[in-house]
Amino acid sequence: MKKSEKVAGATANYVDERTGAAKWLKKNLTKVFPDHWSFMLGEICLYSFIILLLTGTFLTFWFDPSQREVVYNGSYLPLSGVHMSAAYDSTLHLSFDVRGGLLMRQIHHWAALIFMSAIVAHLFRVFFTGAFRKPREFNWLIGVGLLTFGIVEGFLGYSLPDDLLSGTGIRIAEAILQAIPVVGSYLAFFAFGGPFPGTSFIPRIFIVHVLLLPGLFLALITIHLMLVWYQKHTQYPGPGRTEKNVVGYPLMPVYMAKAGGFFFVVFGVTAFLGAVASINPIWLYGPYTPGQISAGSQPDWYMGWLDGLVRAAPPLETHAFGHTISWNILIPGLIIPGILFTGMALYPFIESWITGDKREHHLLDRPRNAPNRTALGVTAIVFILITLANGGNDIIATHFHLTINGIMWFTRIALFTVPPIAFVITKRICLSLQRADRDLVLHGRETGRLVMMPNGEMLEVHEPLSDAKKWTLTQHQNPDALPAPLPASATVGLKGKIRARLNRANAVQIPAPTLSELKELGDGHH
Amino acid sequence: MSNQVERFQDPGLPEHVHRNADVDPKAAKRAEQQVAILFLLSAVGTVLTIVSYIKVPKDKFFYLPIMGSTNAQQLLLGLGLTASTLFIGLGAIQWAKKLMPDQEVIAERHEFRSEEEDREDFVATIKERAGAAGLGRRSLIKRSLGLALGLVGLSPLLLLRDAGPLPGKYFDTTDWAAGTRLLLDPAGTPIKPSDLEVGAVAQVLPELPAGTERTLENTGKDAVLLIRLRPEDFNLDAERLSWTHEGIIAFSKICTHMGCAVALYEQQTHHLLCPCHQSTFDVTRAAKVIFGPAARPLPQLAITVNADGYLVAKQPFTVPVGPSFWERNSSNG
């Protein structure tokens with residue numbers, strides 16, 4: 001026995017005698033995970049969260065979450081002698097007088113952007129492949145929660161330094177609170193400990209930012225991962241992959257090395273961005289005062305779509321009976337985001353209601369094979385992209401020499417017209433891709449080789465696909481993979497009629513080719 | 001017949017293909033060396049981090065293309081940290097890809113639904129236990145418990161009451177009163193009409209009673225923008241025109257949409273623009289909204305000059321300044 005084996009044996013023995021975990025560990029250390037690049041998106045979320053915890057802890061050692069007024073006398077000379085809050089002062093101290101402080105601030109901010117981007121990319125992957133279907137609805141809901149809290153956490157994070165830009169963001173948040181009917185001004189006074197800006201808000205959001213929300217993240221992420229572990233990962237369809245198995249590599253050693261290594265890669269990339277790409281240079285903005293503002297005020301991208309909606313809102317207010325209701329704030333700031341996020345959270349249940357499909361799904365859909373869902377996802381993305389672009393309308397206007405007026409009217413019209421067009425186009429593209437798959441299976445792959453027949457006719461040689469490829473392209477329409485039609489009893493009444501109509505739209509598919517069809521065509525060389 | 005259609009069959013897992021390193025000991029040795037080099041590069045990165053922390057002065061800046069003026073220490077620390085982490089990752093992944101087993105294995109799934117027998121047992125147990133508690137029978141307990149649970153959440157809500165005072169009339173008032181002098185911000189000096197040329201803009205704040213320190217809360221409500229136009233440029237009714245003085249007009253600087261400072265003045269068009277959401281106000285027409293999401297004009301402050309020739313407020317704002325709120329009476333704008 002080699003020495004390393006002896007040590008391993010002794011360690012395993014030591015642990016097991018104290019925990020009885022041998023059986024559990026043996027099973028779980030050899031647990032199988034399927035391999036695909038898109039499964040790394042969720043990993044990026046997890047790793048950037050860890051980076052956020054590490055760098056954030058470092059920042060708290062110097063950051064002073066206080067709105068007490070101080071006079072700056074640090075080494076950034078342009079602000080010497082300026083009155084500012086202790087929060088802003090300590091952020092300057094971190095940036096200029098703590099070795100590696102600016103680096104950590106920048107890594108933290110970049111990691112936050114990567115965290116949010118990876119959550120959104122992971123969400124797209126899960127949505128477009130149908131990974132949210134039974135039995136994974138809980139994890140979908142947790143994911144929607146993480147996205148929502150992530151937006152809040154990011155906003156609170158960049159609000160903490162109390163610079164002119166972030167103070168403006170807080171001012172807008174206060175106006176949203178204030179706009180809530182009946183209780184708005186009370187909520188604003190309670191949140192800010194009195195009139196805006198006061199001296200309570202930064203200390204309060206600090207504790208939410210560093211304790212409350214991270215704790216919640218930790219709990220939700222733990223449940224999220226435990227469910228992934230317990231339910232086993234989904235996998236893409238292919239030869240040997242079924243609803244009853246999971247094909248891939250074992251955790252130990254392959255995934256330990258790959259996933260562990262990937263953590264360091266994510267850290268390295270984030271550190272590189274923090275080293276070379278300046279982000280949120282708060283010393284250029286100056287301390288916050290309500291009487292000033294910098295032109296081109298922009299939130300971080302995950303808030304930008306909200307800001308874009310607010311910018312596009314028509315100037316609507318109701319003035320009646322001595323009260324004011326600001327629809328120009330409520331609709332874009334609370335009502336539309338509420339509808340979007342509720343719809344997103346409920347989507348797995350809506351889809352299962354439409355299809356009547358209550359079976360477990362572990363094989364992922366190729367997006368083209370679920371044209372309706374894919375089209376709906378693209379519709380939502382297009383809607384958000386339009387609002388996001390409008391959130392930067394001032395920057396777009398100055399860079400491309402357009403008028404803000406023109407961009408806003410484009411946005412207002414595009415928000416209602418472009419997403420439906422995107423839906424129709426996406427659905428058509430999906431069906432076309434299904435047709436292309438059908439052609440591939442029946443007629444083989446184009447090889448680019450031309451041959452001249454004895455009669456002078458030119459033909460391109462087609463090569464038949466491998467059995468594996470044929471299976472991959474057709475497996476989704478096996479009778480046992482398709483949901484049963486809705487029972488007649490489920491389509492009665494108005495609700496039933498809507499359900500039947502949606503079910504029909506959802507069921508539009510190009511029939512997948514069968515072996516019989518292929519045989520009828522002959523050997524496929526033509 | 002449709003049920004006799006032949007379908008494609010799952011051919012099963014493809015045959016495992018060996019990698020170079022699996023069959024050629026030389027290739028395996030090369031892979032091992034590659035992994036080792038990557039790990040060594042990480043160690044070099046850590047050395048770079050330590051050296052730049054200790055040896056590079058923290059206030060040394062130098063110019064780099066694209067990045068501009070850059071702090072040498074922060075950059076080197078960052079690059080060191082990048083190398084020390086990135087290369088560990090790349091090494092581990094190279095190790096896994098080249099040398100660890102790459103044969104796919106199959107694990108079976110189990111259905112999550114429990115066996116029918118267990119499910120029935122479970123439901124029966126729940127029913128029996130719930131029955132033992134007698135919740136169904138003892139409606140008095142059920143209702144009083146419902147009441148208690150419904151109320152218990154009120155206490156923590158109530159305890160948050162002291163998070164802030166009640167707003168009262170706070171949103172309706174500012175520090176402007178009849179006769180309040182306009183002080184230039186940030187100089188804090190009173191201002192005469194002659195200090196402003198036509199086309200000029202100035203931010204002013206109200207003079208506070210002696211001994212009162214100005215806070216950000218004051219500024220957040222009181223900030224006013226003075227703009228001087230040629231009097232013939234105004235397009236105002238008689239009352240609003242009387243609120244101006246020699247072509248000088250004063251508006252609340254706090255946006256009526258979401259409270260940002262309306263700071264961008266276009267001299268040519270006499271437009272005021274809020275940088276947050278681009279609400280645009282026409283100065284010549286009493287800050288009427290001509291574009292953007294704001295629903296109300298910026299409140300106008302009536303100004304005049306006092307006996308000493310300094311600009312003063314004629315009267316307080318006639319409407320609340322800043323963004324809307326539920327209790328705001330907006331019948332007069």
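Trainee: How many residues does the contact take from chain B and from chain A?

Mentor: This is a predicted model, in which local features need pLDDT of at least 70, side-chain atom pairs count only at pLDDT 80 or more, and totals for chains, interfaces and linings use all residues. Residues are numbered from 1 along each chain as its sequence is written, while chains are lettered from A and ligands numbered from 1 in the order in which they are written. Two residues are in contact if their C-beta atoms, placed from the backbone, lie within 7 Å. The contact takes 83 residues from chain B and, from chain A, 92 residues.

Trainee: Which element gives the most to the side of chain B that touches chain A?

Mentor: Helices (H or I, at least four residues) and strands (E, at least two) are DSSP runs, numbered from the N terminus. At least two residues each come from helix H3 (72-98), strand E3 (105-108), helix H7 (216-222) and strand E11 (288-291) of chain B. With 17 residues, the element that gives the most is H3(B).

Trainee: Do strand E4 (residues 245-250) of chain A and E3(B) run parallel or antiparallel?

Mentor: Two strands pair if DSSP finds at least two bridges between them. Here four bridges join E4(A) to E3(B), and Val246(A) stands opposite Ala107(B). The strands run antiparallel.

Trainee: Are H6(A) and H7(A) parallel or oblique?

Mentor: Axes are lines fitted to C-alpha atoms, for helices over the stretch in contact, and angles run from 0 to 180 degrees between N-to-C directions. Helix H6 (residues 137-159) and helix H7 (residues 164-179) of chain A pack at about 130°, with axes 8 Å apart. Angles under 35 degrees count as roughly parallel, over 145 as roughly antiparallel, 65 to 115 as roughly perpendicular and the rest as oblique. That makes H6(A), relative to H7(A), oblique.

Trainee: How many residues of helix H8 (residues 184-192) of chain A are buried?

Mentor: A residue is buried if 20 or more other C-beta atoms lie within 10 Å of its own, exposed if 12 or fewer, and partly exposed in between, with C-beta atoms placed from the backbone. The buried residues of H8(A) include Phe189(A), Phe190(A) and Phe192(A), and their cover includes H7 and helix H9 (201-231) of chain A. Of the nine residues in H8(A), the number buried is seven.

Trainee: What distance separates the centres of domain 1 and domain 2 of chain A?

Mentor: Domain bounds come from an automatic or database domain assignment. Chain A is divided into domain 1 (40-242 + 249-349) and domain 2 (422-521). Taken over C-alpha atoms, the separation of their centres is 42 Å.
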